[in-house]
Amino acid sequence: MWFLATLAVVAIATPVLNQLVPASSVFHLSAFGITLIGKYMCYGMLALALDLIWGYCGILSLGHAAFFALGGYAMGMYLMREIGPRGVYGNPILPDFMVFLNYKSLPWFWHGFNHFGVALLMMVLVPALLALVFGWFAFRSRVTGVYFSIITQALTYALMLAFFRNDMGFGGNNGFTDFKDILGFDLHSDRTRVVLLMVTAAALAGSYAACRAIVRSRAGRVVLAIRDAESRTRFLGYPVESFKLWLFVFSGIVAGIAGALYVPQVGIINPSEFSPINSIEAVVWVAVGGRGTLYGAIVGAVLVNYAKTYLTGAFPDAWLYALGALFVLVTLFLPHGIAGFVLRWKKHTARSVAAAASAVSAEPVKK
Amino acid sequence: MKIRDKKLQLENLTVSFDGFKALNNLTLHVDPGELLCIIGPNGAGKTTMMDVITGKTRPDSGRVSFGSAIDLLRLSEPQIVSAGIGRKFQKPTVFEQLTVFENLELALAGTRSFLKTMRARIMPKQLDRIYEVLDIIGLTQQRDAFGRVLAHGQKQWLEIGMLLMQNPELLLVDEPVAGMTPHEIERTAELLLSLAGEHSVVVVEHDMAFVRSIARRVTVLHEGSVIAEGDMDKVQNDPRVIEVYLGV
């Protein structure tokens, strides 16, 4: 609950600091700051999606950025169509890159993306479908553990190579950029940015609440049971594969929505979003925040990305070393991440409070 | 006796792994409500037999029928569970990160699909059943303790409790007293005896004193086949049994 409250405070405070506080004040939040916070929230959703399957069900996906990127591409296709005749080449139907690559007509899968509703549907459907097909084959063949991780890594790598190709129809290595507006609202205006941030905050809150509902239900306890003793769960009669598949598909959808919200805020999507390192970074966020706690994953995503923003600015070459060192240190000293540390600290203080209380209550007896 | 009167009937089962015959033309039966003990030296095929009954291993040949009409070899593992066969493993595997109560909740007979368990609530009747089972296995006090903090014996009882939640007609219990203290063994014997009658119980065990204390009928396996059957005294005096197993 306190997590949703914090999120609500951020979602209300940022527009106020940006819109109502004058630009001269030290408390003014720049457009850059708004975008940054929005971006962190998208990463938070990706971390949440990953934590749901890794932290709770023990399925380590090293390719979760693929779902994020697919959702992003679906949004990008809509934004490209929305540009219309305002592109460099002024073609009312074909996006600039297609004119440049000598496309004569729109590829079949681009039809309908001028409607926001269709795009919205695809942002959910495409990641869901990939998760369903991939998960169905993987779980049915009982691929688990490190083998599963490796094929998810291969999946996102294969998608990256495919999206790099110009004749895929997704703009090759340049991807999509130069977006103008979304639903008629100028993407470069602070007002639109603020609304996008609030929508992202709402989406993050919604996915957090949905994940919480799952992990707190009996289904959530079955999922924990699968993580701890898979064959035992099967012997209790639970269809383990189907539980994993549902969870994986749901997780893919959350990651897809996160990617869709990410693209209009950062203004670009290209195949490097599929790069394996992105998925691995997401795993580090969850590990740092504390897997198996929903808020931990989000906190981890925000903190690690804040560090990344700072370090890539201050010491551009040091970031990857810092990330590696962070992962090693967390694994060694905080095996349950920040959330685990907080929990231990809470227990510790609770115990010392209880000890103090019993010491006080014991005194009169002594007398 | 006709097949119809048996709870479980194994006929001419053969299972081989790379030429090694783990089960060799095995035939045995379990009567309704009886407590059958199966003993035999290591490698006699006891665990393989359990694996075949629960659908984990498919036999090369033979038949396994449950009750009057069910052919177990045609069912999948979860289907066999819902047909009414519960198995307790050699190593106690309870869910360590869940409480005793939650362990029993998951074992509750009934809904198993993801979407239904999302909305599942414990009905008053089911709650009564959970408390009843907590009482039977003697873990009422540990209701909210996590599985990981239980003592070895308590884990075994919890696992038996989880089997009871599914209300199985047939309980397969693999080495229930391995590693238990004498007091725990005594409690386990009482527990298993109290379950027979309402359920058919098959116990696989090494501990002779324990088998003697609970068994009415004993079946001795050796190299994948039955070599002796009967009450404990008869079995213990059987020359073949003495030779392969008790001959110490």
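The chat below goes through a predicted model with chains A and B.

Me: Let's start with the core: which residues of the largest nonpolar core touch the most other members?

Reply: Of the 168 residues in that core, the ones that touch the most other members are Met45(A), Leu46(A), Ala47(A), Leu48(A), Leu50(A) and Ala258(A). Helix H10 of chain A, residues 240-266, gives the most to this core, with 17 residues.

Me: And what does Leu50(A) touch, leaving out residues up to four places away in sequence?

Reply: With those left out, Leu50(A) touches Ser61(A) and His64(A), and also Ala282(A), Val283(A), Val286(A) and Ala297(A).

Me: OK, on to the contact between the chains. How many residues does it take from each?

Reply: Chain A gives 20 residues to the contact and chain B gives 19 residues. On the side of chain A that touches chain B, the elements giving two or more residues are helix H8 (218-228), helix H9 (230-235) and H10 of chain A, and the largest share, 7 residues, comes from H8(A).

Me: What's the split into nonpolar, polar and charged on that side of chain A?

Reply: The residues of the side of chain A that touches chain B divide into 12 nonpolar, 3 polar and 5 charged.

Me: Now the sheet in chain B. What order do the strands come in?

Reply: The open sheet has 4 strands, in the order E2-E1-E4-E5 of chain B, and their pairing is antiparallel. Strand E2 (20-30) and strand E5 (70-71) of chain B stand at the edges with a single partner strand each, so one side of each has no neighbour in the sheet.

Me: How many bridges join E1(B) to E4(B), and which residue is the partner of Glu11(B)?

Reply: Strand E1 (residues 8-17) and strand E4 (residues 61-66) of chain B are joined by 5 bridges and run antiparallel, and the bridge partner of Glu11(B) in E4(B) is Arg63(B). Helix H1 of chain B, residues 46-53, packs on the sheet and touches E1, E2 and E4 of chain B, with a direction that makes about 65 degrees with that of E2(B).

Me: And how many bridges pair E1(B) with E2(B)?

Reply: E1(B) and E2(B) pair over 7 bridges, in the antiparallel sense, and among the partners is Leu23(B) in E2(B), which bridges to Val15(B). The hairpin of these two strands has 2 residues between them, and in this hairpin Asp18(B) takes a positive phi near 50 degrees.

Me: Where does Asn102(A) sit, and is it buried or exposed?

Reply: Asn102(A) is in the loop between helix H4 (96-100) and helix H5 (116-140) of chain A. Asn102(A) counts as exposed because 6 other C-beta atoms lie within 10 Å, and the cut-off for exposed is 12 or fewer. Asn25(B), with 14 other C-beta atoms within 10 Å, is partly exposed.

Me: Last topic, helix H5 of chain B: what span should its 13 residues have?

Reply: At 1.5 Å a residue, H5(B) (residues 124-136) should span 18 Å, and this agrees with its end C-alpha atoms, which are 18 Å apart. H5(B) is followed by Gly138(B), which has a positive phi near 70 degrees.

Conventions:
Residues are numbered from 1 along each chain as its sequence is written. Chains are lettered from A and ligands numbered from 1 in the order in which they are written. This is a predicted model: local features need pLDDT of at least 70, side-chain atom pairs count only at pLDDT 80 or more; totals for chains, interfaces and linings use all residues. A nonpolar core is a set of buried Ala, Val, Leu, Ile, Met, Phe, Trp, Tyr and Cys residues joined through C-beta atoms within 7 Å. A residue is buried if 20 or more other C-beta atoms lie within 10 Å of its own, exposed if 12 or fewer, and partly exposed in between; C-beta atoms are placed from the backbone. Two residues are in contact if their C-beta atoms, placed from the backbone, lie within 7 Å. Ala, Val, Leu, Ile, Met, Phe, Trp, Tyr, Cys and Pro count as nonpolar, Asp, Glu, Lys and Arg as charged, and the others, Gly among them, as polar. The expected span of a helix is 1.5 Å times one less than its number of residues. Two strands pair if DSSP finds at least two bridges between them. Axes are lines fitted to C-alpha atoms, for helices over the stretch in contact, and angles run from 0 to 180 degrees between N-to-C directions.
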